[in-house]
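Morning, everyone. Please look at the screen, and I will walk you through the fold piece by piece.

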Amino acid sequence: MHLDNWGLKAKKLGYRSRAVFKLEEIIDKTKALRGCKNVLDIGSTPGGWSQLVKHKLNQVNIHALDILDMEPIDGVNFHKIRVEDIDSVHEIFELKGLFNLVISDLAPNLTGISVIDEANIYELNDITLDVAVEYLSKSKGVFIIKTFQNNMLKKLRTKMKSLFDEVQTFKPAASKKQSAEIYLYGAFKE
Ligand SMILES: C[S@@+](CC[C@H](N)C(=O)[O-])C[C@H]1O[C@@H](n2cnc3c(N)ncnc32)[C@H](O)[C@@H]1O
């Protein structure tokens, strides 16, 4: 497999994905980890984002979930479930309203038919946004979600603007220019 510079850097530092550098740029710019106690990583496998958060803030309590298995990471609580079923996990449910950071790198399986893929991406993003709003602290809560530049992006951003005190859009340096992926940030502020 061909590894670009970001891939090589991730390998050298022991990270499981090059996606860590995309998240890192956003959390560094927004200081999203400041005062963070509880983190929810949605669509966590293979585990790069959880590794990064744990590395940057060792004391933080991380719950990670995915439909696929994930190799264990010290100090990360992994749950093999769909985001749609999050309320069934007692340890996460009891932290409702207490998460300071919810990160989502979710991506549905693509069909190649753009109208179907856009609808599937929007549906999954919308479910994840509702989960984030429900589980985040309303006094200090940040949501970071990967999505894609398509016809539904404006709708998602508009919904986020109606829910959060602040919304920003990021295209991190580690995200390939030709890739449609883009990151939205939403924050509840005191
Ligand atoms: C791009 S990967 C995440 C990479 C991860 N952030 C990292 O840095 O290692 C996206 C993940 O979303 C998961 N996923 C897709 N649909 C899901 C769903 N409905 N519920 C939970 N996880 C889902 C996939 O299984 C996949 O592992």
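Helices (H or I, at least four residues) and strands (E, at least two) are DSSP runs, numbered from the N terminus. Keep in mind that this is a predicted model: local features need pLDDT of at least 70, side-chain atom pairs count only at pLDDT 80 or more, and totals for chains, interfaces and linings use all residues. Residues are numbered from 1 along each chain as its sequence is written.

In what order do the strands of the open sheet stand? The order is 3-2-1-4-5-7-6, which takes in 7 strands with mixed pairing. Strand 3 (76-80) and strand 6 are at the edges with a single partner strand each, so one side of each has no neighbour in the sheet. From one strand to the next, the twist averages 15 degrees. A word on angles: they run from 0 to 180 degrees between N-to-C directions, and axes are lines fitted to C-alpha atoms, for helices over the stretch in contact.

What holds such strands together? Strands of a sheet pair through backbone hydrogen bonds, either parallel or antiparallel. Here we have both. Strand 1 and strand 4 (residues 101-104) run parallel, joined by 4 bridges. Val39 has Leu101 of strand 4 as its bridge partner.

Now the helices on the sheet. Helix 3 packs there and touches strand 1, strand 2, strand 3 and strand 4. Its direction makes about 175 degrees with that of strand 2. Helix 6 also packs on the sheet, touching strand 5, strand 6 and strand 7. The direction of helix 6 makes about 10 degrees with that of strand 7. Contact has a cut-off: two residues are in contact if their C-beta atoms, placed from the backbone, lie within 7 Å.

Next, the antiparallel pairs. Strand 5 (residues 141-148) pairs with strand 7 (residues 181-188) in the antiparallel sense, over 8 bridges. In that strand 7, Gly186 stands opposite Phe143. Strand 6 (residues 166-170) is also antiparallel to strand 7, with 5 bridges. Phe170 has Tyr183 in strand 7 as its bridge partner.

On to helix against helix. The axes of helix 5 (residues 114-135) and helix 6 (residues 153-163) come within 11 Å and cross at roughly 10 degrees. That makes the two helices roughly parallel. The labels work like this: angles under 35 degrees count as roughly parallel, over 145 as roughly antiparallel, 65 to 115 as roughly perpendicular and the rest as oblique. Helix 5 brings Tyr122, Asn125, Leu129 and Val133 to the contact, and helix 6 brings Lys155, Leu156, Lys159, Met160 and Leu163.

Helix 2 (residues 20-30) and helix 3 have axes that come within 9 Å and cross at roughly 45 degrees. That makes helix 2 oblique to helix 3. Val20, Leu23 and Glu24 of helix 2 meet Gly48, Trp49, Gln51 and Leu52 of helix 3.

Two backbone details. Which peptide bond is cis? The one from Thr45 to Pro46, with omega near 10 degrees. Pro46 lies in the loop between strand 1 (38-42) and helix 3. Lys31 is in the loop between helix 2 and strand 1. Its phi is near 55 degrees, a positive value in a residue other than glycine.

Last stop, the ligand. It is surrounded by 22 residues, and the closest are Ser17, Gly43, Thr45, Gly48 and Asp105. Helix 3 (48-56) and strand 2 (61-66) are the elements giving two or more residues to that shell. A residue is near a molecule or strand if its C-beta atom, placed from the backbone, lies within 6 Å of it.

Conventions. Pairing = 2+ DSSP bridges.
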